[in-house]
There are 2 protein chains.
Amino acid sequence: MSNHEDSQDFDLRLEQLAGAIERSDAGAIVQLLGETEGDDTALLIDRLEAEERSHLLQLLTPEQAAEVLEHVHYFQGADIIETLPPERAAPMVAELDSDDRADLLKELSKRDSKAILQALAPEQAEETRRFMAYPEGTAGAIMYSEFVSFEATMTVREILEDIQKHREDYIEYGVQYAYVLGPRGALLGVLPVRNLLFARPEQAASEIMIPDPITIEAETPVNDLENIFEQHNFLGLPVVDTDHRLIGIVDRESSTEALQEAATEDLLKFQGLMGKEELRSMPLRVRSRRRLSWLSINIVLNLISASVIAMHTDTLEAVIALAVFLPIISDMSGCSGNQAVAVSMRELSLQLVSPREFGRVFLKESSVGLINGVCLGLLIGAIAWLWKGNAMLGAVVGAALALNTTVAVCVGGLVPLLLKALKQDPALASGPILTTVTDMCGFLLILGLASLALPYLV
Amino acid sequence: MSNHEDSQDFDLRLEQLAGAIERSDAGAIVQLLGETEGDDTALLIDRLEAEERSHLLQLLTPEQAAEVLEHVHYFQGADIIETLPPERAAPMVAELDSDDRADLLKELSKRDSKAILQALAPEQAEETRRFMAYPEGTAGAIMYSEFVSFEATMTVREILEDIQKHREDYIEYGVQYAYVLGPRGALLGVLPVRNLLFARPEQAASEIMIPDPITIEAETPVNDLENIFEQHNFLGLPVVDTDHRLIGIVDRESSTEALQEAATEDLLKFQGLMGKEELRSMPLRVRSRRRLSWLSINIVLNLISASVIAMHTDTLEAVIALAVFLPIISDMSGCSGNQAVAVSMRELSLQLVSPREFGRVFLKESSVGLINGVCLGLLIGAIAWLWKGNAMLGAVVGAALALNTTVAVCVGGLVPLLLKALKQDPALASGPILTTVTDMCGFLLILGLASLALPYLV
């Protein structure tokens with residue numbers, strides 16, 4: 001959609017797709033989607049009416065529907081699947097890759113995902129339940145169970161025959177590693193497919209594999225995976241259970257992607273969306289409700305900090321000029337504190353600070369806070385002085401901003417560490433805690449100092 | 001550093017490393033770093049004193065120093081390189097991969113990077129300058145020039161001999177594709193190394209390659225790359241110039257990583273760090289200056305919106321209770337608007353909205369804004385009424401919040417699109433623009449409405 005022609009072309013295709021859905025013309029739909037590139041598919045689906053999206057999937061075979069689901073974002077897919085009866089949705093979900101299937105079902109309501117799981121084949125349902133149970137940010141949440149394995153006793157000739165037979169699949173799925181298994185499915189080694197180039201036909205898999213490979217567990221944090229991938233240049237890592245049986249693979253791509261998702265979610269949480277995906281194609285009441293849930297918490301926090309002002313209206317009445325500086329104190333302290341929050345979040349995610357290093361962070365932040373507080377305080381103090389010609393007003397406003405900036409920067413640096421140490425999500429809660437503390441403290445400082453200096457202010 | 005024992009072990013290693021640096025014992029340093037895993041290297045380097053870091057690199061050979069640089073984050077590396085004289089830094093920089101070299105030099109001051117470029121071999125310096133010139137977010141900024149190519153006339157036998165000869169490098173670098181070049185270096189095809197498994201020794205490279213492969217240009221946006229990678233399961237994409245000569249490779253990993261970096265940078269920019277990396281190990285004056293540069297813009301914007309209050313002090317003086325609601329109006333409208341900013345940023349990055357769809361976004365946002373505005377307005381209006389027993393105060397405060405929330409949500413949804421359409425960075429400027437507009441508008445609304453209703457308020 002980067003220029004006018006593209007945009008006309010897109011509108012035409014959207015019209016054709018909507019028409020084909022109306023005519024229930026599955027052939028035309030498949031052809032249209034087949035001609036559409038990558039992200040344009042997601043956009044086409046996004047721009048259909050909710051009923052059209054639902055109708056579209058029902059017109060296709062489960063395999064075709066699954067392919068559509070794999071081309072849209074998982075939360076878009078969940079949005080459509082939710083509108084289908086479970087017995088229609090289940091065959092489509094069954095066709096997805098194991099990791100995509102778990103991602104999609106996790107987005108659904110408990111009731112919907114339960115109904116679909118019950119309609120799946122028992123073995124697949126059990127695997128999916130297990131995959132869904134792994135917490136976000138662990139290897140289990142991003143691994144897939146579709147891998148190629150050979151028994152240790154197979155020869156290179158037998159393996160090459162197998163590869164020739166399934167050649168199309170191997171190229172389609174870009175298989176780079178095969179896994180060599182011993183008795184009872186225990187992982188013995190990794191066989192980079194390229195190594196077959198340098199092997200003699202009569203050698204056994206166990207002779208040319210990389211023995212005792214680095215393995216991870218389903219509980220391994222994604223952050224640790226990135227380190228292993230960076231150090232060893234692997235493309236995939238085998239995930240094993242406590243009996244050293246191979247249960248899945250994590251590839252480098254999904255590991256990096258998971259970190260990207262986490263960074264984007266942090267942004268959404270900071271901006272007050274509580275990490276829930278919102279697309280403008282979702283129903284109005286869903287969008288409004290998701291946003292209100294956060295706003296209603298925030299208004300309570302705002303009322304708490306505003307109560308500090310309400311308790312000092314006599315001071316304000318005496319020196320009305322102070323009212324001009326209340327929002328400035330609140331906003332500037334919030335900004336200074338948020339900078340420290342961002343640095344702490346970044347250092348935590350790069351593992352350059354441990355959640356228990358309060359002393360170090362306090363020392364590093366209090367010095368920056370003091371310097372920046374004094375600079376900002378002098379500036380705003382001078383402006384207040386010049387505006388009203390009252391030096392004491394300048395001193396009160398400037399001192400309040402300087403002190404509160406120092407407090408805000410220290411609190412901002414420490415809160416993410418504290419939340420992390422308490423196993424809470426720093427991205428979600430740091431902002432509101434910071435704002436409430438610094439607003440209350442800031443209002444107390446400026447109004448408290450003003451009431452002390454009242455004789456010089458009026 | 002996840003438990004006490006790890007932390008003791010880390011402190012011991014840090015002490016040993018500092019000791020080895022003091023004794024100028026290069027052997028001990030190499031051994032210590034060799035025993036240290038992945039991200040722990042970055043942490044160790046982070047916790048040294050600035051002079052120790054500088055001394056450390058100078059004790060090592062350029063190859064060893066480059067390896068250290070590749071194990072720390074590029075902005076950490078730039079921080080150390082900056083402390084070295086250019087003639088010492090250049091040989092280390094020369095040993096880096098082409099993409100890492102450009103990333104690191106881009107972080108340096110103009111003067112430092114120029115001095116190091118002059119000390120590099122002319123050919124390498126020219127390539128590095130070209131790599132540094134590609135803008136962030138394009139293929140050029142993440143491609144590397146280290147690739148394996150064969151002439152089209154070479155036979156499979158000759159290629160396999162070459163591979164056997166350089167086997168160590170191939171495995172170390174995880175080479176997956178080789179590139180087949182025609183006369184004058186024009187790219188003819190891609191040869192997945194695995195394909196050699198299915199070839200006869202006498203076939204020519206041109207017979208077993210994938211001809212006319214998908215290529216990109218250095219200017220191709222990273223967002224488009226992700227689409228190609230997802231659709232085709234490629235691990236790398238060849239970058240060609242206007243004469244179809246191969247100038248570099250972008251791998252899937254770096255493409256995803258670049259998107260992750262961009263998401264993290266967006267968070268830093270939103271939080272007022274202007275996208276500049278800050279680590280607490282950096283000097284105090286650098287940290288303070290980087291943060292102040294943004295705070296000083298923000299304080300000016302704050303003064304502009306506070307001037308609206310200053311012009312209405314007579315109304316405030318008459319109804320001092322309004323002062324309590326000014327920071328609430330400011331903060332709540334900011335929150336509501338930021339939610340809309342986040343949705344627009346997300347839809348822009350997923351390419352689910354084009355920067356010119358103002359009408360669609362306005363329609364979608366104004367409805368959410370109105371609903372949430374009315375909810376929040378009723379709540380805050382009721383509280384104001386109950387607090388002061390004055391229904392008109394409730395009406396003024398509630399109406400101001402309701403109207404301003406609607407404005408804030410529309411502005412928040414539209415500003416990122418507008419900035420994107422103007423080729424500006426939405427992450428950097430959306431927040432300040434939103435806050436300034438909604439503060440001014442909110443203060444005008446509450447104080448304007450109050451002055452109209454003044455007889456009923458006092």
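I looked up C441(B) and found that, at 22% relative accessibility, this cysteine counts as partly exposed, where buried means under 20% relative accessible area, exposed over 50% and partly exposed in between (1.4 Å probe, protein chains only). I note that this is a predicted model, in which local features need pLDDT of at least 70 and side-chain atom pairs count only at pLDDT 80 or more, while totals for chains, interfaces and linings use all residues. Residues are numbered from 1 along each chain as its sequence is written, chains are lettered from A in the order in which they are written, and side-chain values use heavy atoms, with hydrogens and water left out.

I then searched for disulfides, taken as pairs of cysteine sulfur atoms within 2.5 Å, and the count over all chains came to zero. For C441(B) the nearest cysteine sulfur, that of C410(B), is 11 Å away. For C375(A) the nearest is that of C410(A), 16 Å away, and C375(A) is partly exposed with a relative accessible area of 37%.

Next I turned to the nonpolar cores, each a set of buried Ala, Val, Leu, Ile, Met, Phe, Trp, Tyr and Cys residues joined through side-chain atoms within 4.5 Å. The largest has 68 residues, and L316(A), L322(A), I446(A), L316(B), L322(B) and I446(B) touch the most other members. Apart from it I found another core, of 61 residues, including A42(A) and M282(A).

Last, I recorded the domains of chain A, whose bounds come from an automatic or database domain assignment: domain 1 (4-133), domain 2 (149-267) and domain 3 (284-457). The centres of domain 1 and domain 3 of chain A, taken over C-alpha atoms, are separated by 46 Å.
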